[in-house]
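Please look over the sequence and the model below before reading on.

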Amino acid sequence: MTPDLFFALIGFAFATSVTPGPSNFLLLASGANFGFRRSLPLALGINLGFLSMILVVGLGLGQVLRDHPAVYSVLKIVAAGYVLWLAWKVAGSAAPEGEPSTSASRPVSFLQAAFLQWVNPKAWAVALIVTVSYTAAEPSGGNAVAALALLIAVFGAVNLPSISLWAISGMALRRLLGDPLKLRVFNFAMAFLLVASMVPVLLAATSWPAAF
């Protein structure tokens with residue numbers, strides 16, 4: 001990988017990691033409700049879930065996805081149900097003191113966060129884009145494997161601190177959300193944004209982008 005391509009990859013990884021989206025809205029809400037430390041499993045699940053997608057796409061699953069466009073439609077259906085469930089968790093986060101803890105009042109777990117990546121059609125599209133764009137120059141044997149390993153390493157190094165900024169921002173909001181009513185309104189707003197951020201993907205065409 002040339003230096004120009006390497007720095008372009010860093011920029012692409014940062015741009016796709018730090019911009020608003022369902023995963024980052026989850027982190028913002030989690031940081032506000034549970035703090036940064038309890039949100040770390042969520043951040044790690046998002047990070048490693050996406051890196052595992054890049055790995056399997058780079059090892060050949062990308063071609064399978066392109067050959068079976070119906071998978072896109074199935075992912076959209078699963079994603080819609082899963083995002084609605086996550087929105088319910090966010091809306092019910094941080095039960096008031098004295099009330100029993102429920103599944104909705106606990107942070108999204110590592111596995112739940114990783115699963116969100118695997119059912120998110122947008123995440124698959126990004127994984128396809130980044131894999132095709134940054135490993136196509138190394139089409140053979142060991143070079144292709146090395147390029148994929150470098151791609152995963154760079155994306156992992158950039159993605160985790162970038163998405164963690166959302167959890168840190170949420171934690172910074174905790175002082176402004178000390179009132180239970182304010183926190184409840186915030187949680188409902190985050191639940192709405194989580195669903196709204198997926199609407200364009202769920203209403204998009206029923207096939208992978210034509211570039212693939």
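Setting aside residues up to four places away in sequence, Phe-12 touches Val-126, Ile-129, Val-130, Tyr-134 and Phe-155, where contact means heavy atoms within 4.5 Å. The model is a predicted one, in which local features need pLDDT of at least 70 and side-chain atom pairs count only at pLDDT 80 or more, while totals for chains, interfaces and linings use all residues. Residues are numbered from 1 along each chain as its sequence is written, and side-chain values use heavy atoms, with hydrogens and water left out.

Phe-12 lies in helix 1, helices being DSSP runs of H or I with at least four residues, numbered from the N terminus. Although Phe-12 and Val-130 are 118 residues apart along the chain, their C-alpha atoms are separated by 8.4 Å. With a relative accessible area of 23%, Phe-12 is partly exposed, a class that lies between buried (under 20% relative accessible area) and exposed (over 50%), as computed with a 1.4 Å probe on protein chains only.

Ser-39, which is found in helix 2, counts as buried at 1% relative accessibility. Apart from neighbours within four places in sequence, Ser-39 is in contact with Leu-27, Ser-30, Gly-31 and Ala-167.

How is helix 2 (residues 22-67) placed against helix 7 (residues 180-202)? The two pack at an angle of about 170 degrees with their axes 9 Å apart, the axes being lines fitted to C-alpha atoms over the stretch in contact and the angles running from 0 to 180 degrees between N-to-C directions. Helix 2 and helix 7 are therefore roughly antiparallel to each other, since angles over 145 degrees count as such. Among the residues that meet are Phe-25 and Leu-26 in helix 2 and Phe-186 and Met-190 in helix 7. By class, this contact of helix 2 with helix 7 has 12 nonpolar, three polar and no charged residues, where Ala, Val, Leu, Ile, Met, Phe, Trp, Tyr, Cys and Pro count as nonpolar, Asp, Glu, Lys and Arg as charged, and the others, Gly among them, as polar.

Helix 4 (residues 110-119) has Ala-113, Ala-114, Leu-116, Gln-117 and Val-119 as its buried residues, and these pack against helix 2, helix 3 (70-91) and helix 5.

Technical notes
Parallel < 35°, antiparallel > 145°, perpendicular 65-115°, else oblique.
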